[in-house]
Amino acid sequence: MSQYQDVFKRYEKKYLLSEQQYELFQRRLKKYMTADHYGQTDICNIYFDTPDSYLIRSSLEKPVYKEKLRLRSYGIPKNSDTVFIELKKKYKGIVYKRRVDMTLKEATQYLYKKQQSSYRSQIINEIDYFLSYYKDVQPRMYISYERIAFYGKEDPNLRITFDKNILWRTQALNLEKGIWGSPLLEKGQRLLEIKIPSAMPLWMADSLDELAIYPVSFSKYGRAYETVSEQKRKGDVICA
């Protein structure tokens, strides 16, 4: 395994921005934050759930505690490329994320073929427990997006991300199958996520207020699942 940050604890706030709000807010960031040196990155995810989608259905009911499991890559991976298995939990508004890195081949054997991982760690033990507790967990949704990230100049734990071109699909649920699917946002929209270890800086709160940028309850997986459910109710053909 490589040396990546594998434990996160933070508050996460989400906002939907128009193209104009994005441009104005991004300009204000430059005084306080620095763009990630990776630039714009393609992030690809496979979300795992039970056959009856218990995890996302429970999450949408906004319980005090919820959790989810996903497999993530940066770009379209090959078998030998590094990917991340992420176990994300939320309790009373605080997000806890655990993740381990493996090659795509190793992660596929572990999550898809249910083979025991050769790696042993506390995080692997937590993922093992998750997989045994929620019976027959399987890949249920692919979601990708183009992301630009910023970090605080004084506090690098302060992080902001802008996501656009969010795509989802319910078939070809393998990261190596490429970036394609149905759009989740309206044209020109971006999803802003503010990830903070404690209180939001005053300058940021003031900027959001002045630009009429307000928090929303938004889950990419949740929104895509609701779209699928609505299509099924209407009898529409799901092409993604």
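Which residues does threonine 50 touch, not counting residues up to four places away in sequence? The legends below take up this question first, then turn to other sites in the predicted model.

**View 1. Threonine 50 in the loop between β3 and α2.** Threonine 50 touches Leu55, Tyr134, Lys135, Asp136 and Arg140, with residues up to four places away in sequence not counted. Strand β3 spans 41–49. At 7% relative accessibility, threonine 50 is buried, because buried means under 20%. The C-alpha atom of threonine 50 is 8.5 Å from that of proline 139. These two residues are 89 residues apart along the chain. The side chain of threonine 50 makes a polar contact of 2.5 Å with the side chain of aspartate 52. A polar atom of the threonine 50 side chain also lies 2.8 Å from the backbone nitrogen of tyrosine 54.

**View 2. Serine 58 in helix α2.** Helix α2 covers residues 54–60. Serine 58 has a relative accessible area of 18% and is buried. The cut-off matters here: buried means under 20%. The serine 58 side chain reaches back to tyrosine 54, where the backbone oxygen is 2.9 Å away.

**View 3. Aspartate 136 in the loop between α4 and β7.** Helix α4 spans 122–133 and strand β7 spans 138–152. Aspartate 136 is one of the residues that threonine 50 touches. Its phi is positive, about 60°, although aspartate 136 is not a glycine. Most residues other than glycine have a negative phi. Aspartate 136 is partly exposed, at 49% relative accessibility.

**View 4. Asparagine 165 in strand β8.** Strand β8 runs over residues 159–169. Asparagine 165 is not a glycine, yet its phi is positive at about 50°. With 39% relative accessibility, asparagine 165 counts as partly exposed.

**View 5. Glutamate 86 in strand β5.** The strand spans residues 82–91. Is glutamate 86 buried or exposed? Its relative accessibility is 0%, so it counts as buried. Two arginine side chains pair with the glutamate 86 side chain. The polar contact with arginine 70 is 2.7 Å. The polar contact with arginine 99 is 3.2 Å. Beyond its neighbours within four places in sequence, glutamate 86 is in contact with Lys68, Leu69, Arg70, Arg72, Lys97, Arg98 and Arg99.

**View 6. Helix α1 against helix α5.** Helix α1 is made of residues 19–29 and helix α5 of residues 202–210. Their axes come within 11 Å and cross at roughly 160°. That angle makes α1 roughly antiparallel to α5, because angles over 145 degrees fall in this class. The crossing is right-handed. On the α1 side, the residues are Phe25, Arg28 and Leu29. They meet Trp203, Met204, Ser207, Leu208 and Glu210 in α5. By class, the contact has 5 nonpolar, 1 polar and 2 charged residues.

Notes: Residues are numbered from 1 along each chain as its sequence is written. This is a predicted model: local features need pLDDT of at least 70, side-chain atom pairs count only at pLDDT 80 or more; totals for chains, interfaces and linings use all residues. Side-chain values use heavy atoms; hydrogens and water are left out. Axes are lines fitted to C-alpha atoms, for helices over the stretch in contact, and angles run from 0 to 180 degrees between N-to-C directions. Helices (H or I, at least four residues) and strands (E, at least two) are DSSP runs, numbered from the N terminus. Angles under 35 degrees count as roughly parallel, over 145 as roughly antiparallel, 65 to 115 as roughly perpendicular and the rest as oblique. A crossing is left-handed if the near helix is turned anticlockwise from the far one by less than a right angle, and right-handed if clockwise. Contact means heavy atoms within 4.5 Å. Ala, Val, Leu, Ile, Met, Phe, Trp, Tyr, Cys and Pro count as nonpolar, Asp, Glu, Lys and Arg as charged, and the others, Gly among them, as polar. Buried means under 20% relative accessible area, exposed over 50%, partly exposed in between (1.4 Å probe, protein chains only). A polar contact is a pair of N or O atoms within 3.5 Å; within protein, one must be able to donate a hydrogen and the other to accept it, and residues adjacent in sequence count only if both atoms are side-chain atoms.
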